[in-house]
Amino acid sequence: MTSETFISKLARNIPPSGIRRFFDIAATMEDVISLGIGEPDFDTPAPIVEAGIAALRRGATHYTSNSGLLELREALAAHTQQLYGQRYDPIHEILVTVGVSEALYVAMAALLDPGDEIIFAEPCFVAYEPTAVMVGAVPVTIPTTPETGFQLTAEMVEAAITPKTKALFIASPNNPTGTVLHRERLVALAALAEKHNLVVFSDEIYDRLVYSVEHVFFASLPGMRERTIVLQGFSKAYAMTGWRVGYLLGPAALVAEMRKLHQYLIMSAPTVSQWAALKALEVGEPFVQAMRAEYDRRRRRVVDGLNAIGLLCTEPHGAFYAFPCIQSTGLDDNEFAERLLQEERVAVIPGRAFGPSGVGFVRISYATAYEKLETALERIAGFVRRVK
Ligand SMILES: Cc1ncc(COP(=O)(O)O)c(C=O)c1O
């Protein structure tokens with residue numbers, strides 16, 4: 001008998017992330033330019049770090065309320081109202097979580113029963129489907145393609161709806177494609193959610209990182225406030241991935257159930273990080289603007305560079321990823337990523353890590369210094385010339 005026999009069916013059914021493997025290989029090599037990682041290259045802005053340190057020094061080393069610091073929830077309510085004109089009650093409608101990662105889990109666990117179907121557009125962030133599986137739900141994925149700008153339409157969703165469909169998952173801006181869903185698409189999806197009585201999970205973690213387009217707050221669309229759980233966090237906009245703070249917004253009756261699960265799973269999000277997050281809301285805006293401007297500059301360089309190399313790339317309008325098609329090289333996305341790493345020391349992620357419709361694409365993160373991106377583009381150009 002081996003210890004593997006102890007492993008649950010649930011754990012067995014969940015595949016390891018296709019992203020980690022590349023990090024592990026890249027970590028053993030020298031002079032690698034990593035365009036693989038999905039997090040800001042910027043450190044957390046200094047005043048936010050200082051607020052965390054000050055919180056520790058004055059003894060903020062205890063649990064907070066299960067829902068999170070009241071001061072933080074009040075600031076989140078004001079922030080959401082200011083950005084999107086929607087008022088959430090800090091006591092009943094906001095829960096501070098350990099990143100969107102935890103928010104995804106407690107939201108799905110509170111609302112989905114075993115066998116309930118939840119619809120995702122794909123390619124998508126690696127955690128969505130495994131999280132649905134972890135709560136016993138059935139992920140139903142809809143492939144999106146560059147021909148339609150990776151947009152998800154109401155027609156596509158309607159075709160996937162069955163009597164078991166309980167939820168629709170919206171991810172805009174999208175990781176890995178950088179797609180921002182257009183307002184008219186979202187309005188049509190909202191009407192569909194109403195028609196089929198679906199609950200909507202809306203992952204808006206990249207809402208502050210959109211370029212020359214509008215971000216639509218899904219819960220602000222007609223009828224959506226009462227059926228939408230907004231998943232949000234500090235990781236991306238404020239360069240705070242390591243602090244592990246996120247939050248969710250939703251109707252009081254639903255948030256109460258999520259709070260219950262969160263209470264037993266987590267107790268409360270890290271206290272020092274919550275104080276830092278509060279500071280981020282107070283003073284972070286100029287930093288967000290500056291980082292966004294720099295991502296935008298890099299985005300233009302990367303998209304132009306990839307298209308010039310012949311790796312066709314739909315223009316991403318959000319997040320910090322480009323998702324070029326690499327089929328013209330004759331390699332598949334796994335071979336492309338492996339050989340690019342071994343031969344040119346540039347790490348990218350094979351598109352299939354984000355679902356079957358990502359086959360033939362790679363994800364390139366431009367959350368990397370401009371000069372490094374230029375060197376990486378030169379290396380990619382040399383590689384593509386050689387293999388073609
Ligand atoms: C779309 C999306 N949602 C959620 C997350 C998780 O973020 P966190 O748990 O750091 O808040 C990520 C991280 O890469 C992401 O890209």
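Helix 5 provides the largest share of the lining of the largest pocket, six residues. The structure is a predicted model, and the volume of this pocket is about 690 Å³. Its lining is made up of 33 residues, of which Gly38, Ser101, Phe125, Val126 and Lys236 are the closest to the centre. Two or more lining residues come from each of helix 2 (20-27), helix 5 (99-111) and helix 6 (128-134). Sorted by class, the lining of the largest pocket contains 16 nonpolar, 10 polar and seven charged residues.

At least two lining residues are supplied by helix 2 and at least two by helix 6. Helix 6 contributes the most to this lining, with four residues. The lining of the second largest pocket comprises 14 nonpolar, six polar and three charged residues.

Salt bridges were then examined across the whole structure, and 21 were found. In one of them, Asp31 pairs with Arg379, with 3.2 Å between the closest N and O atoms. Asp31 belongs to the loop between helix 2 and strand 1 and Arg379 to helix 13 (residues 370-387), so this pair ties together parts 348 residues apart in sequence. Asp31 is partly exposed, at 47% relative accessibility, whereas Arg379 is buried, with a relative accessible area of 14%.

A salt bridge also joins Arg298 to Asp41, the closest N and O atoms lying 3.0 Å apart. Because Arg298 is in helix 11 (residues 285-309) and Asp41 in the loop between strand 1 and helix 3 (46-57), the pair ties together parts separated by 257 residues in sequence. Arg298 is buried at 3% relative accessible area, while Asp41 is partly exposed at 33%. Between helix 13 and helix 11, Glu374 and Arg301 are linked although they are 73 residues apart. The N to O distance in this salt bridge is 2.5 Å. Glu374 is partly exposed, with a relative accessible area of 28%, and Arg301 is partly exposed, with 27%.

Ile33 is part of strand 1 (residues 33-34) and is buried, with a relative accessible area of 7%. Leaving aside residues up to four places away in sequence, Ile33 touches Arg345, Val346, Ala347, Thr368, Lys372, Thr375, Ala376 and Arg379. Arg379, one of these contacts, is the salt-bridge partner of Asp31. A separation of 14 Å is found between the C-alpha atoms of Ile33 and Arg339, which are 306 residues apart along the chain.

Cys124 is buried at 2% relative accessibility, and Cys313 is buried with a relative accessible area of 9%.

Note on methods. Residues are numbered from 1 along each chain as its sequence is written. This is a predicted model: local features need pLDDT of at least 70, side-chain atom pairs count only at pLDDT 80 or more; totals for chains, interfaces and linings use all residues. Side-chain values use heavy atoms; hydrogens and water are left out. Buried means under 20% relative accessible area, exposed over 50%, partly exposed in between (1.4 Å probe, protein chains only). Contact means heavy atoms within 4.5 Å. On a 1 Å grid over the protein atoms alone, a cavity is a set of points where a 1.4 Å probe fits but cannot get out, and a pocket is an open set with protein on both sides within 12 Å along at least five of seven lines; lining residues have an atom within 4 Å of a point. Grid points are joined across faces, edges and corners, and a volume is the space filled by probe spheres set on the points. Ala, Val, Leu, Ile, Met, Phe, Trp, Tyr, Cys and Pro count as nonpolar, Asp, Glu, Lys and Arg as charged, and the others, Gly among them, as polar. A salt bridge is a side-chain nitrogen of Lys or Arg within 4 Å of a carboxyl oxygen of Asp or Glu.
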